[in-house]
Each structure stands twice: as C-alpha cells, then as structure tokens.
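Student: I have a structure to go through, and I'd like to know what the words used for it rest on. Can we take it term by term?

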Amino acid sequence: MSKSSRREFLKGSAAVAGSAVAAGLSIGRSAHAAVKAKATPATSRGCPTEIRAALSGPWPSIRTPFTRHGDIDFDALCGHLDFIIEEGKSKAVVLTWGDSLYSILTDDEIAEVTNVVVRHVNRRAFVVAADNRWWTGKEVQFAKYCVEVGADMLMVLPPDWARSTTLDSLVAHYGAVGEHIPVMMVTNYLARRPGAFGLELISRLCKEAPGVMALKDDVCGPWIRKVCLVANDRWALSAGGRKENHMNMYPYGVNGYLSTFMSFKPEIAWRYWKAIQAKNLPAARAVIRDYDMPLFDYIIKSEGGFDAAMHGIFELLSLAKRYRRPPYHSLTDAQMGNLADFLKSKGIL
C-alpha cells in the first residue's frame, strides 16, 4: 500500500464527517450495511458469535519494537506476530494506544504499523486496530482506512482533555465509527470520570450504537463488575492486563483478557485459561499467585515503567530489542541483568 494511501485519513475531507456529527446527525441508530451484515444472523445477543469467540480467552497487546536508533523494527514486529500466532495459538492480536506506543509514533507510522500487522497476520487471527485519540472526523477516516487494509475491529479511545466530551458527543463519536467497522470500547479515559458517567455511557451505547461490539477494561474494581451486568449479554468483554482483573469480572460475565504472558510465555496464559474453562478456581488462583503477581510487582517498579521491562523481556527471549524512542527510558545492561535474574527465579527464562 502506498504512503499516500496511508495518509488518506489525514485529509481535510474528514471535516465532512465531523460536520455531520456537529450538526446532530443521529449516527448511532443505523449501522453501516456491512456491520449489520456481519452482526446478523449469527449474533450472540448483540455481538457476532465469531467476534465473541475470537476475543474469548487470552489475547496479546502488540508492542511496537524499535532498533537502537529509534526506527520501527518491522522485521521484529512480524517475527513476534508469528510467535504469538504459531507458538502462542492466539486467536486475536490487538493493537492498543498504550502498549503499541502510539504516544511516540506519528499518525503516518500508526497507519503503516496497522497495515503491516494486518497484512502479515493474513487472516491467521482476528486483528483489532487502534487509534490515536483523534477527533470524530479524523477517526472516521481512519476507520475507513482500517476497513481498506482489512482490520477486523477498531479499538476507540476518544480524546477527553479537561472532560471536554459529553454523553451525547461520545455516543455520536462511537456511533460514527461503528458505521464503518466493528468497535471495541476501551475504558481508560473513564477512570477520570465519575462512575455513573461511564455506566450511563455504556448503557446508551448498548442501545444506540450497534457498531460497538466489544469492551476492554482498564478501570477494574467494583465499577467493571457493574459494567458486566449491563453489557455482558451485548458485547464481548475483556479484562485488561492481569489475570486477577479477569478473575474480578469472572462471576459477572467476561469473555477474555489482555494477557501479558501471551506475548512471551503463552503456556502460562493458557494454563490459567484451561483452569478457568474447567472451573478449577484453585488452579487459576495458583497461576495468579505464582506468576502474575510476582511479574507485575517487579515490572511496575522498573525504571521507565512496566513497558520498559516488557521490552527488556522481549530482548532476553530473542523476540525483539529492548529499545524505545527517547525520551522513553530503555533498560540499561545492569537493569537487563537484574531482569534476567528475576525471570530465571520464576522459571520463565
């Protein structure tokens, strides 16, 4: 795909879609024909059964790898995708604003990474693309681009600086994107809002935005349990990051979870999931106790944050290099040695 094609979503013509939203167009009430066709008749109370199946169980978030000089390492990216799909047996690969490091990519690079991931996966797994907190018009243009390159779903993270959005504007935003591609909602930005605001938004999206079909949670705690009761029969629900977050949602209705271990030690992720499927909660809790909690206790304290440690893990396991673009910190040799010692102590390395 040409670079000019990748930049289509940057064009000023996106203002047409934005103007429609600003004018009060009731976007959320009639999904795009392709989305409608995908959602029926094989639906599981709102979410197509094939989407719910793809997002059930553990799935990884794709971290963008870099060379020492800050270039995107596309060879490592493709090799890691092969590892996740072939060795990890992942049914889905998911790009996210956070883990995929969109905060230090240009919009054109985001489009290129999206294209490379979709093309290399080549229908071997369900692909969820991610955005860069764009305004509605540009978001719609990117949704069209994602459809063009062949992504299956788009994770939407709206801009909400200084609480600038409203329930009505967010419903319209999600609805506009859902006219073109199935949408995964991510709750990251709702952590700064009152819980009642997020619950009302999700309730309205379930009723007014049929293109929204999935949710990945970052808020956790009692709030997401309430969300499960509202949306579990409409959407495919996934917990974020840790197995304990999935366990928190489990009695209330949840399909899958973003698994950190799927990226480098998938057998641990599947050990937990098999215990869940067998309703063997003691075995599932043992995986959380022996692997998840120790790993996160260690990486969260790492200089540069948990993502610096994750890139270090990838280098130790020969999946990618440790490097991230400045000013983000990349682990030093000494820090890499300490990380290796920790992983060995847990039988991971």
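Predicted model: local features only at pLDDT ≥ 70, side-chain atom pairs only at ≥ 80, totals over all residues.

Student: What makes R324 buried?

Tutor: Buried means under 20% relative accessible area, exposed over 50%, and partly exposed in between (1.4 Å probe, protein chains only). R324 has a relative accessible area of 8%, so R324 is buried. Residues are numbered from 1 along each chain as its sequence is written, and side-chain values use heavy atoms, with hydrogens and water left out.

Student: Where do D307 and R324 lie?

Tutor: D307 is in helix α14 and R324 is in the loop between α14 and α15 (333-345), so their pairing ties together parts 17 residues apart in sequence. Helices here are DSSP runs of H or I with at least four residues, strands are runs of E with at least two, and both are numbered from the N terminus. There is also a network of salt bridges that links R63, D99, D307 and R324.

Student: How many salt bridges does the whole structure have?

Tutor: A search finds 18. One of them joins R193 and D160, with the closest N and O atoms 3.0 Å apart. R193 sits in the loop between β8 (183-186) and α9 (195-208), D160 in the loop between β7 (153-156) and α8 (167-178), and the two are 33 residues apart. Both R193 and D160 are buried.

Student: What about E244 and R242: buried, exposed or partly exposed?

Tutor: E244 has a relative accessible area of 29%, so it is partly exposed. R242 comes out at 25%, so R242 is partly exposed as well. Their closest N and O atoms are 3.9 Å apart, and the two form a salt bridge.

Student: How do you know that α13 and α14 are roughly perpendicular?

Tutor: Axes are lines fitted to C-alpha atoms, for helices over the stretch in contact, and angles run from 0 to 180 degrees between N-to-C directions. Under 35 degrees counts as roughly parallel, over 145 as roughly antiparallel, 65 to 115 as roughly perpendicular and the rest as oblique. The axes of α13 (residues 281-300) and α14 (residues 306-316) cross at roughly 110 degrees and come within 7 Å, so the helices are roughly perpendicular to each other.

Student: Which residues meet there?

Tutor: L295, I299 and I300 in α13 meet F306, A309, M310 and I313 in α14. Contact means heavy atoms within 4.5 Å.

Student: What makes V183 buried?

Tutor: Its relative accessibility is 0%, so V183 counts as buried. V183 lies in strand β8. Leaving aside neighbours within four places in sequence, V183 has contacts that include M153, L154, Y174 and V212.

Student: And how much of the protein chain is buried?

Tutor: Of its 349 residues, 58% count as buried. The secondary structure of the chain comes to 15 helices and 11 strands.

Notes. Salt bridge = Lys/Arg side-chain N within 4 Å of Asp/Glu carboxyl O.
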